[in-house]
Amino acid sequence: MELWLLLWLGLVLILPSSLAADEALSLLQDWHDVWLFRFFLNVLGYTTIIIPGYFLITYLKRINYLQTGRGIFYPVIKACVFGSETKTGLLDDVSLAPRNDADSGSSARQAFKLVFCAAGLQVSYLTWGVLQERVMTRSYGASTPEEEGEHFKDSQFLVFMNRILALTVSGLWCVLFKQPRHGAPMYKYSFASLSNVLSSWCQYEALKYISFPTQVLAKASKVIPVMLMGKIVSHKSYEYWEYLTAALISLGVSMFLLTSTADKHPSTVTTFSGVVILGGYIVFDSFTSNWQDNLFKHKMSSVQMMFGVNLFSCLFTVGSLLEQGAFFDSLAFMTRHSEFAFHAVLLSVCSACGQLFIFYTIAQFGAAVFTIIMTLRQAIAILLSCFLYGHAVTMVGGFGMAVVFLSLFLRVYARSRMKAGRKVPQPQVQKV
């Protein structure tokens with residue numbers, strides 16, 4: 001009798017606690033499906049790396065480690081915290097990344113280079129866009145159309161995959177090809193890296209709530225926050241035509257968003273969450289570009305910038321993934337679905353190759369030609385997405401898209417005319 005009483009008391013005590021644990025687990029799972037909760041969880045993971053790093057850098061500067069430090073770790077700490085700008089000039093390595101003039105080489109060779117750059121950028125980023133939408137909006141493992149399959153949900157793991165491959169490619173490039181002596185403190189890359197990771201996460205996450213064409217047009221409208229960040233961060237001034245084209249871009253994007261219609265695919269429904277996430281992407285990406293502009297005042301090449309930013313991006317993302325336990329869950333998803341593994345690797349390859357094509361195109365033909373190629377890529381990406389995934393675009397929305405891309409081309413034309421006018425009275429500088 002006493003034994004049964006003890007068992008009954010045990011069940012009374014244990015059962016409610018187990019039910020509470022199940023409810024807590026279910027509640028946690030429900031919260032984990034909320035994008036805002038995942039966002040703050042990721043940021044919390046980044047702060048566990050940023051805060052100790054901040055106190056360590058502050059301590060090293062306070063004790064004047066640059067003059068008093070010694071030992072085997074001194075060169076590493078010096079490069080990460082203080083840099084070596086005092087030992088490098090600004091002009092001794094200019095010839096390492098020359099900008100080819102239009103008259104250099106034959107016309108046929110220049111035309112071949114232009115076709116090569118355009119094809120490389122188009123293939124890399126069109127494939128990247130198609131795969132991005134496939135990974136984030138479609139399921140894996142469904143053998144029949146009736147089966148739901150399994151969706152991949154962790155956008156941060158995709159960011160990590162992109163960054164680890166980009167880090168490898170840029171590191172190999174720095175080893176194989178001569179680079180200018182690096183002078184900037186390494187920790188300064190962490191600011192652009194953090195905003196870059198957050199903007200990339202927002203870019204992937206937004207596809208769960210809005211269509212890919214909406215995302216592309218919203219990214220085209222980042223001209224406006226870039227200008228605002230330029231005034232705040234870099235204290236830049238802008239011409240009247242820049243404000244005019246920015247207003248036209250806003251008008252075109254608004255026309256498209258307000259006339260977007262719901263479709264059978266959930267990815268085509270523009271929701272409030274999707275708009276907020278896209279806003280986060282635009283803000284973070286605007287900060288990234290302006291901070292990188294400031295970093296280029298130090299001694300570095302574009303590939304060194306790519307290596308430094310991706311180094312900290314890998315550190316942030318892998319740390320956060322391990323703390324959440326999501327790293328091994330994502331690897332398990334890859335082992336369960338070989339198609340996803342192929343898509344994730346190819347997505348990363350396209351991202352890394354695309355960055356190299358960006359640097360090469362700008363070095364050979366300048367930013368104007370690069371902007372034209374990428375603007376065409378955005379238009380083709382929208383058409384390709386509509387064809388492959390069945391997105392519906394209204395007539396007013398199509399007109400809004402046309403206004404956006406015409407405004408972008410107008411910006412390129414006006415900027416090139418302005419630069420050409422400024423170059424006329426200036427004497428030509430002979431590059432060494």
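A cavity is a set of points, on a 1 Å grid over the protein atoms alone, where a 1.4 Å probe fits but cannot get out. Grid points are joined across faces, edges and corners, and a volume is the space filled by probe spheres set on the points.

The model is predicted: local features need pLDDT of at least 70, side-chain atom pairs count only at pLDDT 80 or more, and totals for chains, interfaces and linings use all residues. Residues are numbered from 1 along each chain as its sequence is written, and side-chain values use heavy atoms, with hydrogens and water left out.

**View 1. The second largest cavity.** A search of the whole structure finds two cavities of 30 Å³ or more. The second largest cavity has a volume of about 40 Å³. Its lining (residues with an atom within 4 Å of a point) consists of Leu126, Gly129, Val130, Glu133, Phe212, Ala381, Leu384 and Ser385. Two or more lining residues come from each of α5 (107-137) and α15 (367-389), where helices are DSSP runs of H or I with at least four residues, numbered from the N terminus. α5 gives the largest share, four residues. By type, the lining has five nonpolar residues, two polar and one charged. Ala, Val, Leu, Ile, Met, Phe, Trp, Tyr, Cys and Pro count as nonpolar, Asp, Glu, Lys and Arg as charged, and the others, Gly among them, as polar.

**View 2. The second largest pocket.** A pocket is an open set of points with protein on both sides within 12 Å along at least five of seven lines. The second largest pocket has a volume of about 620 Å³. Of its 22 lining residues, Gly53, Ile57, Tyr187, Ser190 and Phe312 lie nearest the centre. α2 (35-62), α4 (74-82), α7 (189-206) and α12 (302-324) each supply at least two lining residues, and α2 gives the most, with seven. The lining has 19 nonpolar residues, three polar and no charged.

**View 3. The nonpolar cores.** A nonpolar core is a set of buried (under 20% relative accessible area, 1.4 Å probe, protein chains only) Ala, Val, Leu, Ile, Met, Phe, Trp, Tyr and Cys residues joined through side-chain atoms within 4.5 Å. The largest core has 74 residues, and those with the most contacts inside it are Leu121, Phe157, Leu158, Tyr189, Leu217 and Phe340. Its largest share, eight residues, comes from α7. Apart from this core lies another, of five residues, including Ile57 and Tyr187.

**View 4. Around Phe340.** Not counting residues up to four places away in sequence, Phe340 touches (heavy atoms within 4.5 Å) Val135, Tyr140, Phe152, Leu158, Phe333 and Met334.

Key: Buried < 20%, exposed > 50% of the residue type's maximum accessible area, 1.4 Å probe, protein only.
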